[in-house]
Amino acid sequence: MAERTARRLTRRSLLAIGAVGSLTALAACAGATTPFVSPGCTATVNGSSDLRDLEQAGNVAIIVGEALRRGLPPRAATTAIVTALQESKLYNLDYGDADSVGLFQQRPSQGWGTEDQIMNPWYSAGKFYEALVKVDGWQTDTINDVAQKVQRSNFPHAYAQHEDVGRIWASALCGFDPAGVTSVDNKNATGNPEVLREFVVRVWGGAIPIAINPDGLSFTVGSATTAWSVALLCMCLGSQAGLVGLRVGDMTWANSTSQRATWAGQNAVDPTVVTATCRTA
């Protein structure tokens, strides 16, 4: 009980000040001569960017990954991201209004599953999509209205404020914006490429052959869209895997703990292989 209470207090603090805002505040308080760079992932599409911390990035990867696993279009992922941004700010909360918990603040008493099930982001995302596709017009109606029909919130117009951010992440992570995500990770976690392998197998099954390298993994893909989706989803999970580098065709990215490293190289040809390099020491 004490551990759960501590988690609640920690997450409530984050939600109260906002993840990005809190990181910016830390930078201001640090007073360092070197500018503070917030750990996390940044997605950029058509000149618009959004920063999420490492925990949020891992959760948005699961939300998009579950949509891809189900063969749903990017609009479904957008709607799910928009909903989770409003309900939990993309944190897997173990508290909420009444008995609401999880990314989507689903309620066991309303038939979404047990609390333990809902606290599994893969499960909760899947249940959201199951409800989403039953909504008439979910592919064409406004995202706010579709989300409200799934959630039945007391704030029926609140989802609209997150639509632009939802589109940025869904577009990038579904692979439609090459080099659309970069990351800063200063956790220095031990390399664990199995995190990435399990994720890709869960999303694509056996459709993507995976080779195990001495320092990571190589994924053989069938299209440039899939290549970028695999790479950018892996980047969002990178802090859990000790990810230090990615290669997509002729383009490369290397993790930096002090700056938002951009992708280098030219996206001249359709890539067929994605290579993820993880920390070895």
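Student: What should I know about the model before we start?

Tutor: It's predicted, so local features need pLDDT of at least 70 and side-chain atom pairs count only at pLDDT 80 or more, while totals for chains, interfaces and linings use all residues. Residues are numbered from 1 along each chain as its sequence is written, and side-chain values use heavy atoms, with hydrogens and water left out.

Student: How many helices and strands does the protein chain have, and what makes a run count as one?

Tutor: There are 11 helices and eight strands.

Student: Why is Asn-46 called exposed?

Tutor: Exposed means over 50% relative accessible area, buried means under 20%, and partly exposed is in between (1.4 Å probe, protein chains only). Asn-46 has 78%, so it is exposed. You'll find Asn-46 in the loop between β1 and β2.

Student: What makes the phi of Asn-46 worth a remark?

Tutor: Most residues other than glycine have a negative phi. Asn-46 isn't a glycine, yet its phi is positive, near 50°. The hairpin of β1 and β2 has two residues between the strands.

Student: Which other residue has a positive phi of about 50° although it is not a glycine, and is that residue buried or exposed?

Tutor: That's Gln-105, placed in the loop between α4 and α5 (115-118). Gln-105 has a relative accessible area of 13%, so it counts as buried.

Student: And why does Asp-250 count as partly exposed?

Tutor: Asp-250 has 48% relative accessibility, so it lands in the partly exposed class. It lies in the loop between β6 (243-248) and β7 (251-254).

Student: What is Asp-250 in contact with, leaving aside its neighbours within four places in sequence?

Tutor: Contact means heavy atoms within 4.5 Å. On that test Asp-250 touches Ala-264, Gly-265, Gln-266 and Val-269. Asp-250 and Gln-266 are 16 residues apart in sequence, and their C-alpha atoms are 6.1 Å apart.

Student: How do you know that β1 pairs with β2 and with β3?

Tutor: Two strands pair if DSSP finds at least two bridges between them. β1 and β2 (residues 48-52) have five bridges, and β1 and β3 (residues 181-184) have four; both pairings are antiparallel.

Student: What makes β2 and β3 edge strands?

Tutor: The three strands form an open sheet in the order β2-β1-β3. β2 and β3 each have a single partner strand, so one side of each is left without a neighbour in the sheet. The twist averages 20° from one strand to the next.

Student: Which helices pack on that sheet, and at what angles?

Tutor: Helix α8 (residues 163-173) lies across β1, β2 and β3 and runs at about 90° to β1. Helix α10 (residues 224-236) touches β1 and β3, making about 25° with the direction of β3. Axes here are lines fitted to C-alpha atoms, for helices over the stretch in contact, and angles run from 0 to 180 degrees between N-to-C directions.

Student: Why is β1 described as mostly covered?

Tutor: Strand β1 spans residues 40-45, and five of its six residues are buried. Across the protein chain, buried residues make up 49% of the 281 residues.

Student: How are α3 and α9 placed, and which residues make the contact?

Tutor: The axes of α3 (residues 54-69) and α9 (residues 194-204) come within 7 Å and cross at roughly 35°. From α3 the contact uses Ala-61, Ile-62, Gly-65, Leu-68 and Arg-69; from α9, Phe-199, Arg-202, Val-203 and Trp-204.

Student: What classes do those residues fall into?

Tutor: Six nonpolar, one polar and two charged in the contact of α3 with α9. Nonpolar covers Ala, Val, Leu, Ile, Met, Phe, Trp, Tyr, Cys and Pro; charged covers Asp, Glu, Lys and Arg; the others, Gly among them, are polar.
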